[in-house]
Amino acid sequence: MAAETVDAVVIGMGPGGEDAAGRLAKAGLQVVGVEGRLVGGECPYYACVPTKMMIRAANTLAEARRVNALAGAATVRPDWAPVAARIRDEATDDWDDTVAVERFEKAGGRFVRGWGRITAPDEVTVETTGGPRIFHARKAIVLNPGTSPAIPPIPGLAETPYWTNRDAVAVTEVPESLIVLGGGPVASEFAQVFARFGAAVTMLVRSRLLSRNEPEAGELLAEAFAAEGITVLSGVEATRVEHDGHRFAVRLNNDEIRHAQHLLVAAGRHTDLAALGVGAAGLDEHAGRIAVDARMRAADGVWAIGDVTGHGAFTHMSMYEARIAANDILGAATESGDYRAVPHVTFTDPEVGGVGLTEEQARAAGVRVSVGMSQIPSSARGWIHKAGNEGFVKLVADADRGVLVGATSVGPTGGEVLSALVVAVHAQVPVRTLREMIYAYPTFHRAIESALDDLH
């Protein structure tokens, strides 16, 4: 089969791939975008957008339940139907990507539905329902494969009807009971959502909640979950999973058995580099990620962006790297990848935001660390907020350079307060300058000022 020559082929049309392909097409290049699932990737259909709709609904229930502590009395009756309808109709178009495909084609790109892999230098073969199609890329191949749910090799698990995040966002009824395997952001968000809608939730966590965040964040979240009736079992592993046609039975490494109507596996993500054919470009097919330089170049004529680069499995990271890669391909590079201030937010209640290094990471990097903390409940805004005011601000500073290298913001608007801390870490604003700023009163972000006063 003869190869068709184009300027660029983008494999994987998640947020970053779609953005990069659109930029290249708008610049006048002949671009082929390849996607086997849905254009837009995980974020609009199974992750960021629908899950935040779920969280918005669940948080509304929680606020209504706080009326008794603040404003009188209220009776709350959860109803999942409007949530499921909103996800289907507003977020995902019933998991139809027609609008996204048309958006890319209107930008000048060409879309091919199928699974792409590099089969030779500058060559991509796409397996489609109509047979294979081969494209020769004159200028660039951009890899944005994203990730899929990682399924741990637990005996019996593969033979059961377990859920991943893709199944959980599409449910039309809340389960009576749910076991969540995992303790990261995805696991934590789903656990709280379903618990607030009436499910009896048990989390099985290998280490601790939000293990990549500061330990204080996981500890506070565990306390909040316990107050809501969520059972968090830390330091446990599932050794066997069974399903009798009605319920799951999960055996733990301490010989305890936990039962539930459904099981959600949220134990990380992975990418199959061998299926992507990166070996044909001289890259290691067995690596956990694709190493790139500061311009997202992975090999001669090959750029990689997003989850697969290992810089953070976030939509904002994928879009950031897409911009850099596209500009490099177009010969208009003006920036290089800078990962000192990567922000991340877990949208639980309280929200958990983090940026830069944790205290442990900073010490491991040889930084002479200064740490400061302030508690949201003891702040003016926290005291006023009263119900649902759990949270804190933690700052990690390089004592020698006098700048912040990391920060954590936990609270009712933890992700929003984080923005000021991202600027401080990214721009390396001197701690002295931060101390001399004026912080509006009474705001949640004013807790930053108290944390600065606590630096020692």
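**Close-up views of a predicted model**

**View 1. Domains of the protein.** In this predicted model, the domain assignment gives domain 1 (4-44 + 92-147 + 271-330), domain 2 (165-267) and domain 3 (343-454). The centres of domain 2 and domain 3, taken over C-alpha atoms, are 28 Å apart.

**View 2. The interface of domain 2 and domain 3.** Domain 2 contributes 16 residues to the contact, and domain 3 contributes 18 residues. The size of an interface is often stated as the accessible area lost when the parts come together. Between domain 2 and domain 3, about 1,300 Å² is buried, with 60% of it on carbon and sulfur atoms. The rule finds 3 salt bridges across this interface.

**View 3. The salt bridge of R196 and D349.** R196 and D349 form a salt bridge. Their closest N and O atoms are 2.8 Å apart. R196 also belongs to the lining of the second largest pocket, where it is one of the residues that lie nearest the centre.

**View 4. The second largest pocket.** This pocket has a volume of about 270 Å³. Its lining holds 13 residues, and A62, R66, R196, A227 and E228 lie nearest its centre. Domain 2 (165-267) and domain 3 (343-454) each give at least three residues to the lining.

**View 5. Helices and residue classes in the pocket lining.** At least two lining residues of the second largest pocket come from each of helix 3 (48-65), helix 8 (185-196) and helix 9 (215-227). Sorted by class, the lining of this pocket has 6 charged, 5 nonpolar and 2 polar residues.

Methods: Residues numbered from 1 in each chain as written. Predicted model: local features only at pLDDT ≥ 70, side-chain atom pairs only at ≥ 80, totals over all residues. Heavy atoms only, no water. 1 Å grid on protein atoms, 1.4 Å probe; cavity = no way out; pocket = protein on both sides within 12 Å on 5 of 7 lines; lining within 4 Å. Points joined across faces, edges and corners; volume = space filled by probe spheres on them. Helix = DSSP H or I, 4+ residues; strand = E, 2+ residues; numbered from the N terminus. Nonpolar A, V, L, I, M, F, W, Y, C, P; charged D, E, K, R; others polar. Domains from an automatic or database assignment. Contact = heavy atoms within 4.5 Å. Buried area = accessible area lost by both parts, 1.4 Å probe. Salt bridge = Lys/Arg side-chain N within 4 Å of Asp/Glu carboxyl O.
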